Amino acid sequence: MSAQKKKDKYEALNTYFETIVKDTAQTIYVAKEKINSNETLTIFESNVKMINDPVNNCKAYTKLFNWRDFEKMKKKYKNTCTPSERVWWCSNAFWETNDFKYKKVLLESMNTVKNQEYLTYKYHGRVYAFSEPIYYQNKKYLVFTAEALFMSGARITIVIMEKVKSKWTVMSEWSNPYLYN
């Protein structure tokens with residue numbers, strides 16, 4: 001991936017991250033492994049047809065979801081990482097602390113014998129995880145999976161961002177607190 005594409009994608013990811021973590025002074029725990037893009041594609045395909053806008057109004061985004069554009073995205077981004085034993089996580093694609101604007105990001109491996117419940121218990125709260133952001137409809141949109149792991153479960157969100165006046169903004173989010181990996 002070119003440095004410019006990486007910068008553009010991670011700018012969007014950080015813009016979203018700033019909406020979910022307000023306290024920049026706290027230490028933030030993030031999964032070292034990226035979420036498998038195959039999972040992002042699966043969730044996007046099955047759920048984006050009916051999606052919540054930023055103020056939680058449920059709408060049909062038929063203009064957003066286009067089979068031909070989705071097939072292009074799927075062809076380009078499917079199987080871009082090697083799944084670990086736990087298919088949700090990549091075993092060859094990792095986040096680095098400098099990918100995030102926050103200075104207090106601590107990366108923790110999810111591909112260990114320790115389970116996620118142990119990690120959320122260890123850190124007394126949340127561990128965040130993200131897939132690699134992927135372009136959709138000729139780079140008009142950016143799609144990625146964000147996960148917040150809690151002591152009581154996980155919240156998995158598909159984030160769709162749109163570039164407006166040279167800035168990435170959250171166009172829509174779809175989340176399901178009942179999905180577990």
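Lys101 is partly exposed, at 45% relative accessibility; this class lies between buried (under 20% relative accessible area) and exposed (over 50%), computed with a 1.4 Å probe on protein chains only. The model is predicted, so local features need pLDDT of at least 70 and side-chain atom pairs count only at pLDDT 80 or more, while totals for chains, interfaces and linings use all residues. Residues are numbered from 1 along each chain as its sequence is written, and side-chain values use heavy atoms, with hydrogens and water left out.

Four salt bridges are present in the structure, each defined as a side-chain nitrogen of Lys or Arg within 4 Å of a carboxyl oxygen of Asp or Glu. Helices (H or I, at least four residues) and strands (E, at least two) are DSSP runs, numbered from the N terminus.

One of the salt bridges joins Lys101 to Glu18, with the closest N and O atoms 3.9 Å apart. Lys101 lies in the loop between S5 and S6 and Glu18 in helix H1, so this pair ties together parts 83 residues apart in sequence. Glu18 is partly exposed, with a relative accessible area of 36%.

A salt bridge is also formed by Lys6 and Asp99, whose closest N and O atoms are 3.9 Å apart. Lys6 belongs to helix H1 (residues 3–20), and Asp99 to the loop between strand S5 (89–94) and strand S6 (105–108), 93 residues apart. Lys6 is partly exposed at 32% relative accessible area, whereas Asp99 is buried at 7%.

Lys34 pairs with Glu132 in a salt bridge, the closest N and O atoms being 2.4 Å apart. Both Lys34 and Glu132 are buried.
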